[in-house]
Amino acid sequence: MVKKVFAFALLISGLIFSSGCSEEKAVSEADMSSKSRDVFAMDTFMNIKAYGGNADIALSEAEKRILQLEDELSVTSETSDVWAVDHSSGTAVDVSDDTALIVNKAIEMGKKTNGALDITLYPVLKEWGFTTGEYKVPDDNTLKSLLKNVDYSKVSISGNKVTLPKETEIDLGALAKGYTGDEIMKTMEENGVSSAIVSLGGNVQALGKKPDGSNWKVAVRNPFAPDTDMCIIEIDDKAVITSGNYERYFTTDDGNVYWHILDPDDGYPADNGLVSVTVIGDCGLDCDALSTALFVEGYDGAVEFLRSDPSFDLILVTDDMKIFYSGGIADSFTNISGMEAEVIALD
Amino acid sequence: MTKGVKLLIGAVLLIFAAAVVLAVIGLKPSESTWVEIVQNNKVIYKLDLSEEKDRTFRIDYPEGGWNEVQIKDGHICIADADCPDHTCIKTGELRSENIPIVCLPHKLVIRFSEEGAGK
């Protein structure tokens with residue numbers, strides 16, 4: 001009898017314990033161990049986490065690559081490609097492969113989004129003080145005259161040679177971090193890492209799945225309370241990139257709020273009903289460019305884009321505090337905010 | 001009730017109680033009261049906020065500059081700093097595992113740490 005009692009008790013206790021810790025088997029300890037690196041570059045904080053035996057080397061190589069990209073793409077460093085292009089007085093400038101690739105993508109995305117993404121907005125952005133932190137609201141005449149030189153279609157590129165009209169200046173800020181995410185993941189793979197995740201100033205990009213085979217859980221910030229998370233989505237091998245009006249903004253004495261994502265149409269902060277746009281996709285560069293462009297285009301434009309290219313997923317937050325997300329992430333989306341969330345209807 | 005049944009109930013209850021206790025102990029680190037203060041990839045403090053007394057201390061940046069870290073009622077924040085943007089102060093208290101307190105100019109990061117006691 002006593003034997004039976006113990007057998008039953010053991011069975012029960014086995015059930016209790018097994019329910020708690022069923023994961024993490026089959027993967028060796030070396031693969032599960034992770035290394036993390038902070039990188040302070042591109043005016044932002046980046047944290048890269050890599051798994052496996054090659055993590056250390058891969059992280060060092062990734063850091064080198066980030067610093068190289070910063071050297072090429074910075075709009076304020078006098079030795080960068082972008083600086084050379086912006087100070088070329090209309091002559092052709094030879095740029096690196098990275099810069100050429102991003103400029104080509106910027107022109108392509110400009111076309112695709114009817115000019116909602118425009119890398120020639122830089123002089124307007126400067127006028128608002130978003131590049132220096134010395135904010136001011138420009139007067140209408142100044143904006144009008146600056147907008148005369150804003151037109152991405154006037155950027156010409158042939159091979160690695162970029163030519164701009166004299167008064168035009170570019171800034172690749174809307175694409176650089178996305179591209180950097182892609183390049184970090186490429187460096188990881190080249191160095192034998194198959195599981196890694198990077199957080200780049202609010203953007204996240206993942207390589208593969210977690211070493212235990214599960215998906216990465218990525219949080220998206222609440223634009224109405226940017227120090228808290230709004231939702232969690234599960235991803236593998238994807239980029240999750242957000243443009244929000246909370247990222248950089250200032251408030252004037254009369255209580256008006258102005259943010260850094262400008263509408264190329266009038267040079268004022270884009271105010272088309274969205275306060276945050278998150279784009280989820282395979283390519284960080286595409287997602288980064290799109291998050292800015294769709295923020296400018298507003299809800300209807302974003303939904304129209306989704307219809308034309310369902311390979312991306314979106315999370316949109318409207319200024320009346322509603323969340324809309326695409327059907328592709330319906331199963332992996334968890335709303336942890338007090339806001340209503342619904343799937344974007346595409347028909 | 002036979003002696004066997006009594007014994008059985010007793011054993012199950014005992015094991016269940018033990019399981020609950022173990023589960024609670026096992027869950028403790030994930031409550032995330034541990035934070036790390038990292039300066040340019042070097043962990044300079046590892047603190048259990050549930051144990052820390054209220055205090056304020058200054059962290060100097062070797063290349064010039066400082067941040068004043070404040071611990072109050074089990075919460076941590078940067079209360080003052082001589083960096084130009086003060087983003088670290090504006091971030092307020094550390095709340096989310098996904099959103100660390102960062103001072104870019106001083107390469108300082110305060111975040112919840114996964115590993116708990118003993119590390």
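Helix α5 of chain A, residues 97–112, packs against α8(A) at an angle of about 125°, with the two axes 10 Å apart. Axes here are lines fitted to C-alpha atoms, for helices over the stretch in contact, and angles run from 0 to 180 degrees between N-to-C directions. Helices are DSSP runs of H or I with at least four residues, numbered from the N terminus. The angle makes α5(A) oblique to α8(A); under 35 degrees counts as roughly parallel, over 145 as roughly antiparallel, 65 to 115 as roughly perpendicular, and the rest as oblique.

This is a predicted model, where local features need pLDDT of at least 70, side-chain atom pairs count only at pLDDT 80 or more, and totals for chains, interfaces and linings use all residues. Residues are numbered from 1 along each chain as its sequence is written, and chains are lettered from A and ligands numbered from 1 in the order in which they are written.

Which residues make the contact of α5(A) with α8(A)? On α5(A) they are I102(A), K105(A) and A106(A), and on α8(A) they are L175(A), A176(A) and Y179(A). Contact means C-beta atoms, placed from the backbone, within 7 Å. By class there are 5 nonpolar, no polar and 1 charged residues. Nonpolar is Ala, Val, Leu, Ile, Met, Phe, Trp, Tyr, Cys and Pro; charged is Asp, Glu, Lys and Arg; the others, Gly among them, are polar.

Next, the other partner of α8(A). Helix α3(A), residues 55–73, packs on α8(A), residues 173–190, at about 150°, with axes 9 Å apart. The pair is therefore roughly antiparallel. From α3(A) the contact includes A58(A), A62(A), I66(A) and L69(A), and from α8(A) it includes A176(A), T180(A), I184(A) and T187(A). The classes are 8 nonpolar, 2 polar and 3 charged residues.

Back to α5(A). Its axis and that of α9(A) come within 11 Å and cross at roughly 40°, which makes α5(A) oblique to α9(A). Here K105(A), A106(A) and M109(A) of α5(A) meet L285(A), A289(A) and A293(A) of α9(A). K105(A) and A106(A) also belong to the contact with α8(A).

Last, α9(A) itself, residues 284–308. A straight helix of 25 residues would span 36 Å at 1.5 Å a residue, but α9(A) spans only 19 Å between its end C-alpha atoms. The expected span is 1.5 Å times one less than the number of residues. Where does α9(A) bend? At G298(A), by about 130°, taken between axes fitted to the seven residues ending there and the seven starting there.

Definitions and conventions: Helices (H or I, at least four residues) and strands (E, at least two) are DSSP runs, numbered from the N terminus. Two residues are in contact if their C-beta atoms, placed from the backbone, lie within 7 Å.
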